[in-house]
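Trainee: I have not looked at this structure before. Could we go through it step by step?

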Amino acid sequence: MNILIFWDRGAPAGLEIPVARIISQILDIPAEVCESPVLYNGFDRSRNQFNAGAILSCLDVFSRRTEEKSFILLVTGDDIFRPGNRYVFGLSRPATRTAVISSARLNNEYWGLPPDEMMLIDRLSREGAHEIGHLLHLEHCDNASCIMANPLTLDDLDNKKSMLCPQCQSKIIKNPVSVSL
């Protein structure tokens, strides 16, 4: 299995290759980046955000129509949420092998901080690897430094290491994913 990363037109340009490489290194799965062919819906005017579940449904339709077998990760610049949460950095749906992450709140500028492209690459990579980890059927981890720790805040995300803890790594080894190129 490999990872197909769809880079949406609103996602920060020029970061595609480093983000894909880091995600691939973290999970030891080949990753390929391309411009997103998926048009998604789910915009909620009252929140000025997109419903992440609706985006995953659009990715699922794309995956079924094209018979895509890879994990699909959509990187968008749009702010996303799921019902019950003010926002989410990302969301995954293991049953359909699809995930979405948003750069909107991962940007320093959103929080009134100076721009930092390297920090944004790091955050996108960590959140992307986290959501792909769910596609590998990994649950949230209690180890705050593990990539599978649940980041509720930007500080939580920044405090994670760009790697799986030994326990999460062993779960992948016990349940290996076949790699097809």
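Mentor: This is a predicted model. Begin with a pair of strands: β4, residues 49-51, and β6 are joined by two bridges.

Trainee: In which sense do β4 and β6 pair?

Mentor: Two bridges link these strands. Along this pairing, N51 is opposite F81 of β6. The sense of the β4 and β6 pairing is parallel.

Trainee: What is the order of the strands in the open sheet of three?

Mentor: The edge strands are β3 (43-44) and β6 (80-81), each of which pairs on one side only. The sheet has mixed pairing. Its order is β3-β4-β6.

Trainee: Which helix lies across β4 and β6?

Mentor: The helix spans residues 52-66. Its direction makes an angle of about 55 degrees with β4. The helix is α2.

Trainee: Which element supplies the largest share of the largest nonpolar core?

Mentor: That core has 37 residues, and L27, L124 and L164 have the most contacts inside it. Several elements give at least two residues each, including β1 (3-7), α1 (16-27), β5 (71-76) and α3 (117-135). The largest share is six residues, and it comes from α3.

Trainee: Which residues is L27 in contact with, leaving aside neighbours within four places in sequence?

Mentor: L27 is among the residues with the most contacts inside the core. Contact here means heavy atoms within 4.5 Å. With those neighbours set aside, the partners of L27 are I3, A129, I132, G133, L136 and L164.

Technical notes. Residues are numbered from 1 along each chain as its sequence is written. This is a predicted model: local features need pLDDT of at least 70, side-chain atom pairs count only at pLDDT 80 or more; totals for chains, interfaces and linings use all residues. Side-chain values use heavy atoms; hydrogens and water are left out. Two strands pair if DSSP finds at least two bridges between them. Helices (H or I, at least four residues) and strands (E, at least two) are DSSP runs, numbered from the N terminus. Axes are lines fitted to C-alpha atoms, for helices over the stretch in contact, and angles run from 0 to 180 degrees between N-to-C directions. A nonpolar core is a set of buried Ala, Val, Leu, Ile, Met, Phe, Trp, Tyr and Cys residues joined through side-chain atoms within 4.5 Å. Buried means under 20% relative accessible area, exposed over 50%, partly exposed in between (1.4 Å probe, protein chains only).
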